[in-house]
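Q: Could you walk me through this one while I have it open? I'd like to go strand by strand and then look at the helices.
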Amino acid sequence: MCCATVVRPRPLHRPRVARFPNERQLERYSDSLRHRYAEMKPDVVIAVGGPALDLLVRFGAGLYPGTPVVLAMVDPRHMRARALPPDITGVTLTVQTRTTLALALKLHPDARRLVVVAGMAQLDRYWARETIRAARDLAPAVEVLDLGELPMAKMLEAVASQPRHTVIF
């Protein structure tokens, strides 16, 4: 008779770094991670997005000393003028907001309004600003409406009530 061993990976933690809008909250969060993982060192840390990479570049040596970091879904623009520590590696992701928006406007040549739907997190606001900037360059005559300040219920109402010739982005 044969037996099998089940190997379970260590617990997974998915920090939501973009939810910490100010410096003090970010420092407290990094302190909580340091305490949480003081006894249990992860084998690898995966930084998803620019804010997570920022946290690990800034606090990583104290949070996870000697643990390699793999970055994912970080736009190359976020990497400009930045030297990464030697224990951070990964592949960048180019988000083609301008190209995608140009295609949307080409598919809807009669568009009079562009509605930008994004959340309030720092990363969401970054991409909303990038979209608005691209829209003003590509189609200055198109009205741009940013719904990012609205609570979800109001955002859904606003999207549902848009007139014809509106592109939701």
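Q: Starting with β1, which residues are on the covered face and which on the uncovered one?
A: In this predicted model, Val45 and Ala47 form the covered face of β1, whereas Ile46 and Val48 lie on the uncovered one. In general, side chains in a regular strand alternate between the two faces of the sheet.
Q: And how do β1 and β2 pair, parallel or antiparallel?
A: The pairing of β1 with β2 is parallel and extends over four bridges. Within it, Val45 has Val69 of β2 standing opposite.
Q: OK, switching to the sheet with β4 in it. What's the strand order there?
A: That sheet is open and has three strands in the order β5-β4-β6, with parallel pairing. Its edge strands are β5, residues 143-146, and β6, residues 166-168, each of which pairs on one side only. From one strand to the next, the twist averages 20°.
Q: How many bridges join β4 to β6?
A: Three bridges join them, β4 being residues 113-116, and the two strands run parallel. Leu114, for instance, has Val167 in β6 as its bridge partner.
Q: Is Val167 buried or exposed?
A: Val167, which is found in strand β6, has a relative accessible area of 6% and is therefore buried, since the cut-off for that is under 20%.
Q: What is Val167 in contact with, leaving aside its neighbours within four places?
A: The contacts of Val167 beyond those neighbours are Ala104, His108, Ala111, Arg113, Leu114 and Val115. As for spacing, Val167 and Leu101 are 66 residues apart in sequence, with their C-alpha atoms 9.5 Å apart in space.
Q: Now the helices. At what angle do α1 and α2 pack?
A: Helix α1, residues 23-36, and helix α2, residues 50-63, pack at about 35°, and their axes are 10 Å apart. The crossing of α1 past α2 is right-handed.
Q: Which residues meet there?
A: From α1 the contact involves Glu23, Leu26, Glu27, Tyr29, Ser30, Leu33 and Arg34, and these meet Leu55, Arg58, Phe59, Gly62 and Leu63 in α2. By class, the residues of this contact are six nonpolar, two polar and four charged.
Q: Where is the kink in α2 centred?
A: The kink in α2 is centred on Val57 and amounts to about 50°.
Q: Which α2 residues are buried, and what covers them?
A: The buried residues of α2 are Gly50, Pro51, Ala52, Leu53, Leu55, Leu56, Phe59, Gly60 and Leu63. Their cover includes α1, together with the strands β1 (45-48), β2 (69-74) and β3 (88-92) and the helices α3 (76-79) and α5 (122-138).
Q: Zooming out, how many helices and strands does the protein have?
A: There are six helices and six strands in the protein, and from the N terminus on the elements run α-β-α-β-α-β-α-β-α-β-α-β.
Q: And what share of the residues is buried?
A: Of the 169 residues in the protein, 33% are buried. Turning to contacts with a separation of 6 or more, 62% are accounted for by residues 24 or more positions apart.

Terms used:
Residues numbered from 1 in each chain as written. Predicted model: local features only at pLDDT ≥ 70, side-chain atom pairs only at ≥ 80, totals over all residues. Heavy atoms only, no water. Pairing = 2+ DSSP bridges. Axes fitted to C-alpha atoms, helices over the stretch in contact; angles between N-to-C directions. Left-handed = near helix turned anticlockwise from the far one by under 90°. Contact = heavy atoms within 4.5 Å. Nonpolar A, V, L, I, M, F, W, Y, C, P; charged D, E, K, R; others polar. Bend = angle between axes of the 7 residues up to and from the residue. Buried < 20%, exposed > 50% of the residue type's maximum accessible area, 1.4 Å probe, protein only.
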